[in-house]
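Here is a short briefing to read alongside the coordinates. It covers confidence, the contact between the chains and the nonpolar cores.

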Amino acid sequence: MLFYVVRRLLLAVPTVFGVALLTFLLFNEFGPDPVRTALGQHASPAAIANLRHQWGLDESLLEQFGGFLRQITSFDYGRSFVTGEDLGTQLRSGALVSLSVTAPPFIVGTALNIAIALFITRHRDGVVDRAARVLFVAGMSVSALVYVLILQYGLAYKLGWFPISGYASGLSALPYLGLPWLLLVLIAMGPDIRLYRTIFLDEAQADYVRTARSKGATESAVWGRHVLANAWMPIITNTVTNIPFLILGSFLMERFFSIPGIGSLTIDALGRGDLPVLKAVTILGALALVLFNLLSDLLYASVDPRVQLR
Amino acid sequence: MRLCLVVLALFALIAVGGYGHLLPSGEIAVGGSQESPRWHAPTLLGTDILGRSVLYRILSGAQTAVTIGFATMALAIPFGTVLGLVAGWFGGWIDALVTWLYSVVVSIPDILLITAISYALGRGMVSMCVALAATSWVGVMRLVRGEVLRHKSRDYVVAAQAYGASDARILLRQILPNVMHVAIVVSSLVLVGAIKGEVILTYLGLGVQDGASWGLLIAGASQDLANDIWAPLLGTVTAMFLLIYSLSVVADALRDALDPKLR
């Protein structure tokens, strides 16, 4: 077990190095010059040289890349070009805000979608199942943007149930979060239920289900105890690997409702050419993805005794 | 299903028509500012704030969407297929390199990689297609590589090797036809993903900057909504729905017909 974890972590090193290299090249080499973005077209050469030196962009690419690698290993991402704030604090508070938007609907939505998927798979090819299938394909064909627009217009602007946009710290954020929560639950329904339905359908055709039926197990026992118990594994894998995306936040919701999470931070940084922010978010997102993938494999192994970690 | 194919043909026609300059332009004024809809082709869905026809703008948005969808597919599918073929067939350091590239790309959350690439290449159609393709080749690569590994030791491949066929010949003439179905199924998914992605990215300000895009139309329509003007939103949503729904139905049918095991 320990050997496996160490091996996986070592295997992740070249991957993370590749991510760092790609990120660095995209932003520092191929991207537009952040100094120009900050100072505009009519800046004097002296001012440009000065700022370039201040931001450490006058060093050779190799030195800059070395600095970036040091930042990654020490988890100290320096300061934002634009606000001068320490990125560690900025990212931590951003991540918390993003999580407050994405985590509750993720938990509620996952539970709800599993229940719905179990129900429609149990009554598969019935009226409900067929209607649900058409409805979900149709629902997924409408861009997420449209749901946001219509609900914001209807529930916030017309009915006044929610504030139109904004955010507050602490518990007073709740009224602002209601609508994004509702929307995230709604938008995840189509793809999630489809996925869970496929998972359940796979299990429902397995031999052990026929055995359970033939020994006289009731339908609810077949579905609740047998199918669900076996379907947990793919569900857990899917859920755990999604956690990094919760921390990254929903770019769409944060933009729409002016919520100051990681998504807004990234989009703002993009407009201002704030390279430290962009690079830190990308590399941390990748690190989180790698770690949670490992975690999901470990969980998989601990739930299923047949899985051998090598 | 048949209806969906008709819809898709219609969209293809719109796109081709757009490039043949057969579509009326969405950039010139056809009437006053924000006219309401009436039975007359240019103002069927009213006009926008600059007096441009909303209907025509939706049509050129369709042209943009179809273009980006196909361009992304044309970049991602051959790239992923070739890498998958080569990695699966040669193994060794080539496989290690391709797998490394794959793991790097899947380790960066899609939205971040797309923003990074569109930042680096500047905003616009080309960088958008490259960015979308950069995140979508990985699926094809993984599946094709897996299929190649399965086929590698089959009799027909061994026979081809025995009569002295070159690597390239075996890959292109023997193995490729047998793994092609994977590429076809994934293409349809890439197409749907790219069209949906374009709209959202453009809306977020990361995509197409000028010209017509459904993302820009929706951004405009959201302001109109505050003045109780529904036609632009309704029109854009209907057009998007028709295209994406038809594509999804065809994609599902393709998958069921060619390889039901793929998800």
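Chain B of this predicted model has a mean pLDDT of 82, with 87% of its residues at 70 or more. For the model as a whole, the scores are ipTM 0.79 and pTM 0.83.

**Confidence along chain B**
- Within chain B, α3(B) has the highest confidence, with a mean of 90.
- At the other end comes α8(B), where confidence is lowest, at a mean of 79.

**Where the chains meet**
- The contact between the chains involves 32 residues of chain B and 40 residues of chain A.
- Five helices of chain B each bring at least two residues to the side that touches chain A: α3 (92-107), α4 (110-121), α7 (167-203), α8 (214-226) and α9 (231-258).
- The top contributor to that side is α9(B), which gives eight residues.
- Sorted by class, the side of chain B that touches chain A holds 24 nonpolar, six polar and two charged residues.

**Nonpolar cores**
- The largest nonpolar core counts 134 residues.
- Ala62(B), Val140(B), Val144(B), Val186(B), Ile218(B) and Leu243(B) have the most contacts inside this core.
- If you set aside neighbours within four places in sequence, Val144(B) is in contact with Gly80(B), Thr81(B), Gly84(B), Leu85(B) and Gly88(B), and also with Val179(B), Val182(B) and Ala183(B).
- Another core, of twelve residues, lies apart from the largest one and includes Ile120(A), Phe200(A), Val227(A) and Ala231(A).

Key. Residues numbered from 1 in each chain as written. Chains lettered and ligands numbered in written order. Predicted model: local features only at pLDDT ≥ 70, side-chain atom pairs only at ≥ 80, totals over all residues. Contact = placed C-beta atoms within 7 Å. Helix = DSSP H or I, 4+ residues; strand = E, 2+ residues; numbered from the N terminus. Nonpolar A, V, L, I, M, F, W, Y, C, P; charged D, E, K, R; others polar. pLDDT = per-residue confidence, 0-100. Core = buried A, V, L, I, M, F, W, Y, C linked by C-beta atoms within 7 Å. Buried ≥ 20, exposed ≤ 12 C-beta atoms within 10 Å, placed from the backbone.
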